[in-house]
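Look at the aromatic side chains first. Then follow the contacts around them.

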Amino acid sequence: MATEIEVKLRAPSVEVLQNALASPELAQFIRDDSVTIHMSTVYYDTPCGSLRDRHWTLRLRAEGEAMIAAMKTVSEVTPDGMFTRGEWQCRCDRIEDAIPQLVEQGAPGALLNTLEEGLVPICTAEFDRQSTYLYMEDGVCIEMVGDTGTLFAGGRQEEICELELELLFGSASALPPLCAHLEEDYGLVSETRSKYGRALALMEQAAAEEEP
């Protein structure tokens, strides 16, 4: 199983986000130019919400020219605001075709049940991702990305303006000091909800308003 370890920080504006991404303190660890690509994401569930009940995430994302399917298990948030969760990915044009591949990689076998129940799109996200890598001491490598765009769910929408730090190699202890710098110097705020989690909240708000 691949374990995803990352931190999300919400920025008050695109300008602040860009300033944070260009932080001189972080720039010392960057060797390559940043790359920006458009991301178009569709999140899926069964009609009865079986994935949501398990707190699982299933998505199909266009990352530039590539179509990437991903399944993530329930997120655990540490006191330092780090997400840790199981994650599996594969290239596939249809989410139904991706299910067997994800299970073969190690995703929970119960995911196969969704093929019988049927899968439907429930929310989407459109955003641009600017990414680069931080190469630090002791073999630590962190992917740093800035996402700007929009979540769409329940007939509502919410702005995406956030910075993510995902640990690729090395100790997770490298993440808290970077977050502290970004929070103190640029006013970024810890975001403990995933994009999918925030989209579900939009759906809940819309459903609550429709109740008599």
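This predicted model holds two aromatic pairs. Tyr43 and Tyr196 are both buried.

The rings of Tyr133 and Tyr135 have their centres 6.5 Å apart, with planes at 40 degrees, so this pair is tilted. Tyr133 is partly exposed, at 30% relative accessibility. Tyr135 is partly exposed too, with a relative accessible area of 27%.

| Charged residue | Ring | Distance to ring centre |
|---|---|---|
| Arg31 | Tyr135 | 4.3 Å |
| Lys195 | Phe127 | 5.0 Å |

Now turn to helix α7. It covers residues 195-210, 16 residues in total. From first C-alpha to last it reaches 23 Å, close to the 22 Å expected. Its buried residues include Lys195, Tyr196 and Leu200.

Next comes Glu6, in strand β1 (residues 2-10). Is Glu6 buried or exposed? Its relative accessibility is 2%, so Glu6 counts as buried. The side chain of Glu6 makes a polar contact of 3.2 Å with the side chain of Lys8. Another polar contact, of 3.4 Å, joins the side chains of Glu6 and Arg85.

How confident is the prediction? The mean pLDDT of the protein is 93, and 96% of its residues reach 70 or more. Where pLDDT is low, the predicted coordinates should not be read in detail.

Conventions: Residues are numbered from 1 along each chain as its sequence is written. This is a predicted model: local features need pLDDT of at least 70, side-chain atom pairs count only at pLDDT 80 or more; totals for chains, interfaces and linings use all residues. Side-chain values use heavy atoms; hydrogens and water are left out. Helices (H or I, at least four residues) and strands (E, at least two) are DSSP runs, numbered from the N terminus. The expected span of a helix is 1.5 Å times one less than its number of residues. Buried means under 20% relative accessible area, exposed over 50%, partly exposed in between (1.4 Å probe, protein chains only). A polar contact is a pair of N or O atoms within 3.5 Å; within protein, one must be able to donate a hydrogen and the other to accept it, and residues adjacent in sequence count only if both atoms are side-chain atoms. pLDDT is the predictor's confidence in each residue, from 0 to 100. Rings of Phe, Tyr and Trp (its six-membered ring) pair if their centres lie within 6.5 Å; planes under 30 degrees apart count as stacked, over 60 as edge-to-face and the rest as tilted. A charge sits over a ring if NZ of Lys or CZ of Arg is within 6 Å of the ring centre and within 35 degrees of the ring normal.
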